[in-house]
Amino acid sequence: MSDVVEKTLSALPSLLSLDSQPGAGKLSSTSKLGNLIRGITELTSKHEEEKLIIKELASIKEQVASPNTTMRQMKEAMVRAIYCEMLGYQAPFSYIHAVKLAQQGSVLEKRVGYLAVSLFLNESDEFLLLLVNTVLKDLQSTSLMEVCMALTAVSQVFPRDMIPSVLPLVEEKLTHPKEIIRRKAVLALYKFYLIAPNQVQHIHSKFRKALCDKDPGVMTASLHIYLQLVKESPESYKDLTESFVTILRQVLAGKLPMDFNYHSVPAPWLQIQLLRILAHLGKEDQSTSEMMYDVLEESLRRAEMNHNITYAILYECVKSIYTVFPKAELLEKAAKCIGNFVQSPKINLKYLGLKALTYVVTQDANLALPHQMTIIECLDHSDIIIKRATLDLLFRITNAQNVAVIVEKMLAFLRLCTDEYCTVDLVGKVAELAEKYPFIKAKPGS
Amino acid sequence: MIKFFLMVNKQGQTRLSKYYEQVDIGKRPSLEADVVKGCLTRKKEQCSFVEYKDFKLVYRQYAALFIVVGISDTENELSIYELIHNFVEVLDKYFSRVSELDIMFNLDKVHVILDEMIQNGHIVETNKNRILAPLLALDKMAEAH
């Protein structure tokens, strides 16, 4: 596991010098940005921070308004403005210049301009409209970098009403020879789908093409759209089940290039995404579920390694198995997996085990039975998060026999609650139980 | 989905913040201070996931820096926990053992990296080479000038 190295402040001079390490910033010792950063590292109070930033804002304001400021200086001014906003101090006078920087700057400056716009502006900002022309121009650029930047910007913040003006250009990019462009185009369309689904209704066939793209990155990008679509109307996408199953099978078989691995696990986040999509498709549908039992089992079997990321996959797998049409042998294997989590000495796994158990007991309350002892231990755990997760679980397996005890535990926990969300949640649960079991008397003293 | 991505040091100073849901700029410092407080009170042997208001936080500590990600209820906590680590590994690769000062002096570049990994609150790229490719191309172009 890597450590973020703690460089002492004495390293500051070398970082500020002109000949610095590879990848590190090249800032001159007189640079305004360098001075700001040094100033920030020397802060000892909120009051000092306010003084420093207010002074900085005045300096930035002056610089951006000056006609003599070069694009290079503007880029640095934008980063300084980003710093100020990050600390909570607004710099609205810089917004228009961020747009200008994206428009007029050279490639590195342009990137910072786009970055600043994505951080400063939101959908409803008027200045955003000015960005549209820049995006249109960059989308047609011969420079791949500029096309990439424009597509990234579009995926982050774009005025909904202007979608029709860029849509044709973005659609065009779906068939670009370079995978990075195709991938970013798909993600831009995903953004459009999120903010204005009607605008992209006509291109669903193009999403299918992206799903079958020979590049795994493009295919993965299309899954974001498909997860949304499948969640909203699973019936319309049952015909794609075989495709998703095949993709997952290929990932598990190690068919992806090595650099898609994370600690020797093939594309774990992609596996998780596919498991979610399959869960939606197989829910309450026996024939569709039957198409995926094999790959679900394989997923479960393969993720046996001892690494957090395989546990994450297992958790998702278990959830999917319990969401799709039930198959006895699979449910048994999944239940065993949950058991391993709950019994684990690793606290993060225990937490996930409790969460998984909470999810599956709605289907079969008996699943909690073999873990009674562990659940009772968790109730008194020193970690308040584990305690709360256990209470959530208990809430779901309440019956006439145990309700009095469970309510008592909840009330005891309520006394420990420090924030209103926790309190409201628990009070709601207790009230629900009181309504459900009106004739059970609580034990005296509770 | 991912609601925000923060890098805050032990003193509560924000070194990077990215919001994927609209949060008023005036409200951010107090949210960030609150969030870091919640993580600082946790012990090493406790869970890395904390309930916060009506959503969750996943946090991970690297030297004096906390990386805290706010997530909705439906997100897979452990997958986000490892996403954080993947991000740090990418930074390590680019900066050759990254430090807090590297992040401060290259804030724009760290944002560019994060932009490649997370968009609209969803994980869009986890392949380290592909994450770094645009930034490396930019560096090359900048050197040529």
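# Close-up views of a two-chain predicted model

A search of the whole structure, which is a predicted model, finds 35 salt bridges over all chains. Side chains of opposite charge can pair when their charged atoms come close.

**View 1. The interface of chain B and chain A.** The contact involves 75 residues of chain B and 80 residues of chain A. The size of an interface is often given as the accessible area lost when the parts come together. For chain B and chain A, the buried area is about 6,900 Å², with 58% of it on carbon and sulfur atoms. On the side of chain B, the residues that lose the most area to chain A are B:Ile25, B:Phe105 and B:Arg130. Together these three make up 11% of what that side buries.

View 2. One of the salt bridges in the model joins A:Lys184 to B:Glu116, where the closest N and O atoms are 3.1 Å apart. Which helix of chain B gives the most residues to the side that touches chain A? Helix α2 of chain B, residues 77-95, does, with 13 residues. By class, the side of chain B that touches chain A has 29 nonpolar, 20 polar and 26 charged residues.

View 3. Five residues are linked in a network of salt bridges: A:Glu179, A:Arg183, A:Asp215, B:Glu125 and B:Arg130. B:Arg130 is also among the residues of chain B that lose the most area to chain A.

**View 4. B:His85 in helix α2 of chain B.** B:His85 lies in helix α2 of chain B. Is B:His85 buried or exposed? B:His85 counts as buried because its relative accessible area is 3%, and the cut-off for buried is under 20%. B:Arg60 is 25 residues from B:His85 along the chain, and the C-alpha atoms of the two are 8.2 Å apart.

**View 5. The boundary of domain 1 and domain 2 in chain A.** The domain assignment divides chain A into domain 1 (1-120) and domain 2 (122-215). Contact between them involves 12 residues of domain 1 and 18 residues of domain 2. The two domains of chain A bury about 1,300 Å² between them, 70% of it on carbon and sulfur atoms. In domain 1, A:Val99, A:Lys110 and A:Tyr114 lose the most area to domain 2, together 40% of what that side buries.

View 6. One salt bridge is counted between domain 1 and domain 2 of chain A. A:Asp138 and A:Lys110 form a salt bridge, with their closest N and O atoms 2.8 Å apart. On the side of domain 1 that touches domain 2, α5 (95-104) and α6 (107-120) of chain A each supply at least two residues. The most comes from α6(A), with seven residues. This side of domain 1 has eight nonpolar, two polar and two charged residues.

**View 7. The pair B:Glu21 and B:Lys3.** The side chains of B:Glu21 and B:Lys3 form a salt bridge at 3.3 Å, N to O. The pair links distant parts of the chain, 18 residues apart. B:Glu21 is in the loop between β2 (14-19) and α1 (28-40) of chain B, and B:Lys3 is in strand β1 (residues 2-9). B:Glu21 is partly exposed, at 33% relative accessibility, whereas B:Lys3 is buried, at 16%.

**View 8. The pair B:Asp73 and B:Lys56.** A salt bridge joins the side chains of B:Asp73 and B:Lys56 at 3.2 Å, N to O. This pair too links distant parts of the chain, 17 residues apart. B:Asp73 is in the loop between β5 (65-71) and α2 of chain B, while B:Lys56 is in strand β4 (residues 55-62). B:Asp73 has a relative accessible area of 49% and is partly exposed. B:Lys56, at 5% relative accessibility, is buried.

Conventions:
Residues are numbered from 1 along each chain as its sequence is written. Chains are lettered from A and ligands numbered from 1 in the order in which they are written. Side-chain values use heavy atoms; hydrogens and water are left out. Contact means heavy atoms within 4.5 Å. Buried area is the accessible area (1.4 Å probe) that two parts lose on being put together, summed over both. A salt bridge is a side-chain nitrogen of Lys or Arg within 4 Å of a carboxyl oxygen of Asp or Glu. Helices (H or I, at least four residues) and strands (E, at least two) are DSSP runs, numbered from the N terminus. Ala, Val, Leu, Ile, Met, Phe, Trp, Tyr, Cys and Pro count as nonpolar, Asp, Glu, Lys and Arg as charged, and the others, Gly among them, as polar. Domain bounds come from an automatic or database domain assignment. Buried means under 20% relative accessible area, exposed over 50%, partly exposed in between (1.4 Å probe, protein chains only).
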